[in-house]
Structure formats: structure tokens, C-alpha cells
Amino acid sequence: MRSIAPRTGRILLAAGLVALLAACNANKGGPTASLEGYTPDPALKTASASNLTGRVRHACTVTQSRLQSVPEASLARPCGCYAKQTLASLDPVELESYRSTGYFNDSARAKALSALDSCKLPRPA
């Protein structure tokens, strides 16, 4: 019987990456419709605040590691900053949208981009 943990980890990573990439797509002015075919993790609806923060932080470390060509471990602090600031800035409607869709809506993306700047992380092109 296969372990569920690796599958769950991949789902968490995918959800987090979609959230971060959706935030970064705001730079391009493109709509979130470019994420068609993505199915959000149903666990987002009931995830704790710390779980959501962990998801966003992990997505940040993976994405920023690739973007900057640095080890993920070196991004723990700035991505922790990004995740905390982004999620703390979301209003209840934005948070519910994230829980339902797995990515940040337009107003939340603007806040996520501001958090990238504040935490001194480069915005993906």
C-alpha cells in the first residue's frame, strides 16, 4: 500500500505554488483564468492559519529558490516574512477566496506583491 504523505506533500506544494504564482502574475496584468484546469486542495477550506502560512512559506521558498538560484534553506526568513505579511493583510473575503480557489484574488495579489517588496524578495518576471 502506498504512503499518503508524499501525495499530500505534492498537493500542498502545488496549492502553495499556485498561490504564489497567481500573486506574481499580477505583474503581468493577466487574469487568474490562466490557472484553468487547476483543482484546489479541499483541505484549504479547513486548514488552520499556521497551515496556510506554512503552505505559502513553502511555495515561496521553492519559487524564490528557482528564481534566485539559491538553496531553499537560505530563504526561510524572507519567505516566512512574506507568508506572515501576506496572510495577515488579507481581509475575510480575500482569505475565503484563497481557501476556495487555492490562489489569491486580484486584491490579495496586490497585497502579496507588496509583501514581496517589504520582505526584500524579487518579483518573478
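How many aromatic pairs does the count come to by the ring rule? Rings of Phe, Tyr and Trp (its six-membered ring) pair if their centres lie within 6.5 Å, and by this rule the count comes to one aromatic pair. A quick note before the views: this is a predicted model, where local features need pLDDT of at least 70 and side-chain atom pairs count only at pLDDT 80 or more, while totals for chains, interfaces and linings use all residues. Residues are numbered from 1 along each chain as its sequence is written, and side-chain values use heavy atoms, with hydrogens and water left out.

View 1. Along the sequence, the pattern reads α-α-α-α-α. Helices (H or I, at least four residues) and strands (E, at least two) are DSSP runs, numbered from the N terminus. Of the 125 residues, 41% count as buried; that label means under 20% relative accessible area, while exposed means over 50% and partly exposed is in between (1.4 Å probe, protein chains only). Now for contacts (heavy atoms within 4.5 Å): among those between residues at least 6 apart in sequence, 68% join residues at least 24 apart.

**View 2. Tyr 98 and Phe 104 make a tilted ring pair.** To describe two aromatic rings, you give the distance of the centres and the angle of the planes. Here the centres of Tyr 98 and Phe 104 are 5.1 Å apart and the planes sit at 35 degrees, so the pair is tilted. Planes under 30 degrees apart would count as stacked, over 60 as edge-to-face, and the rest as tilted. Both Tyr 98 and Phe 104 are buried. Tyr 98 belongs to helix H4 (residues 92-101) and has 0% relative accessibility. Lys 45 is 53 residues away from Tyr 98 in sequence, yet their C-alpha atoms are 8.7 Å apart in space.

**View 3. Gly 54 sits in helix H2 (residues 49-68).** Gly 54 counts as buried because its relative accessibility is 18%. Follow the chain for 26 residues and you get to Gly 80, whose C-alpha atom is 8.2 Å from that of Gly 54.

**View 4. Ser 69 and its positive phi.** You'll find Ser 69 in the loop between H2 and helix H3 (76-89). Its phi is near 55 degrees, a positive value in a residue other than glycine. With a relative accessible area of 66%, Ser 69 is exposed.

**View 5. Lys 120 lies in the segment after helix H5 (106-118).** Phi is positive at Lys 120, near 60 degrees, and this residue isn't glycine. Lys 120 counts as exposed because its relative accessibility is 74%.
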